[in-house]
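Colleague: Could you walk me through this one before I start on my figures? I'd like to take it piece by piece.

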Amino acid sequence: MAKSALLKSSIAKKVAMALSGIFLMLFLAQHFFINMTSVFSSDTFNSISHFMGNNPLVQFVIQPILIVGVIFHFTMGFVLEIQNRNARPISYAKNNGAANSSWTSRNMIYSGVVVLAFLGLHFYDFWFPEMVYKYVEVSPLDETRYFHELVAKFESPVRTGLYSLSFILLALHLWHGFSSSFQSVGFNNKYSRSLKAFGYAFAIVIPFGFIFIALFHHFNH
Amino acid sequence: MKLTLKIWRQKNAQDKGAMVDYQIDGIEPDMSFLEMLDVFNEDLMSKGGEPVAFDHDCREGICGMCSLFINGEAHGPDRGVTTCQLHMRMFKDGDTITIEPFRAAAFPVVKDLVVNRSAFDRIQHAGGFISVNTSGNTIDANAIPINKQDADDAFDAATCIGCGACVASCKNSSAMLFVAAKVSQYALLPQGKIEATDRVLNMVSQMDAEGFGNCSNTGACEVECPKGISLENIARMNREYLSASMKG
């Protein structure tokens, strides 16, 4: 089979979607643990943030890979959604989807679009100012600024609310996405039940942990 | 039982089609769904109407010919049955029942509730077989030792009757469960391993060419499958496909 045909195949697309999803979940977990330090120690949060923001490996290797991963995941999501819609040009007059599948599994595109919109806000809040600070204005290194920047963002009740709402949608996305990604790469065996349970825990702990962090800084500073 | 039927009527493949409401009385709870439609058609014809076309053959749940999307589910609200095994006792007197054809771009409507499922045949032709020289000393399949678990899993996959309920139930009209069952039934057996690489590549390629959607792992296919074909088969097909892609 030609390589071009392989890349076009439905299974290859789903595997690519799953692998990028697993990569993004790993990123999400490390982001969560770093943010969680802000609840306990501003110094620890500052030093980790400074490391992540100035380490060449993180900045120039991992960060570009992450951005490519994000863009790939949502672009492929839209491509698959368009193909899937074309596969049924005439809808059912009555379709009882709830009888055989979960709401989260049927609405990944909607939960995903909300998470994508959130990423726009998140980049506007943190990533773009950070890039301008470091690479455009070339401001002096300040190892203590990160905690204050974080706290300042969560002063706004609207932003805190939007973040919380987005993370609820992220939880719904992960509720199906975690186990689905492993099924797509062919992992379905005696460990799948345990993996699914871990996935449900992940889908609750990580997003609601982020909500806790946002609310903690909103109400404590 | 007195029922209101909302049925998709479409004269031919070119016709736009529409849902039409009908009333029917005198339906017994012990009738099968197809018997109900027989009674309904006789009543319709006695009044000079055109009978509703629908697919059926064995009426024993083994041929895979009957279809129908009933009240929003392939083969109706019961589990593990085809439409011919669905009984009217699953409904209540006074119910409204919506009856539609299986919907998918790859399953075009021929007439009313009849759809063309030849896409499945073409996928089978692409690799859903083993090549055996039948002239001369054919080896008895039972002479080859096969692990019991593999034999059971292969048999479970082979119970797929190719009705298309998986495609009809899937929000993406994906045929993954059907193709996965056909790939799995051979992939697990020694006779099937020889052509395993070409089989999975060719069958998936044909599946994509037919215009079926992608798998979102909603699991709707597994729930609605009258034969209970497991999602494990899709994971197996994905593994087979990835491994075949590396070799091919």
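Modeller: Chain B has nine helices and seven strands, where helices (H or I, at least four residues) and strands (E, at least two) are DSSP runs numbered from the N terminus. This is a predicted model, in which local features need pLDDT of at least 70 and side-chain atom pairs count only at pLDDT 80 or more, while totals for chains, interfaces and linings use all residues. Residues are numbered from 1 along each chain as its sequence is written, and chains are lettered from A and ligands numbered from 1 in the order in which they are written.

Colleague: OK, and what percentage of chain B counts as buried?

Modeller: Of its 248 residues, 47% count as buried, meaning that 20 or more other C-beta atoms, placed from the backbone, lie within 10 Å of the residue's own. The C-alpha trace of chain B spans about 60 × 40 × 35 Å along its principal axes.

Colleague: Which residues touch the most other members in the largest nonpolar core?

Modeller: That core, a set of buried Ala, Val, Leu, Ile, Met, Phe, Trp, Tyr and Cys residues joined through C-beta atoms within 7 Å, has 73 residues, and those touching the most other members are Cys166(B), Val167(B), Leu177(B), Phe178(B), Val179(B) and Val200(B). Helix H5 of chain B (residues 176–187) gives the most to this core, with nine residues, and at least three residues come from each of domain 1 (3–111) and domain 2 (118–247) of chain B, with bounds from an automatic or database domain assignment.

Colleague: Switching to chain A, where does UniProt put the "transmembrane region" annotation?

Modeller: The unreviewed UniProt entry places it on residues 57–80, 108–127, 160–178 and 198–219 of chain A, given here in the numbering of this model, and such annotations may be inferred rather than shown by experiment. In the model, residues 57–80 of chain A are 100% helix and 0% strand, with the end C-alpha atoms 33 Å apart; residues 198–219 of chain A are likewise 100% helix and 0% strand, with their end C-alpha atoms 31 Å apart.

Colleague: And how many residues does each chain put into the contact?

Modeller: Chain B contributes 39 residues and chain A 37, taking two residues as in contact if their C-beta atoms, placed from the backbone, lie within 7 Å. On the side of chain B that touches chain A, the largest share, seven residues, comes from H9(B).

How values were computed
Buried ≥ 20, exposed ≤ 12 C-beta atoms within 10 Å, placed from the backbone.
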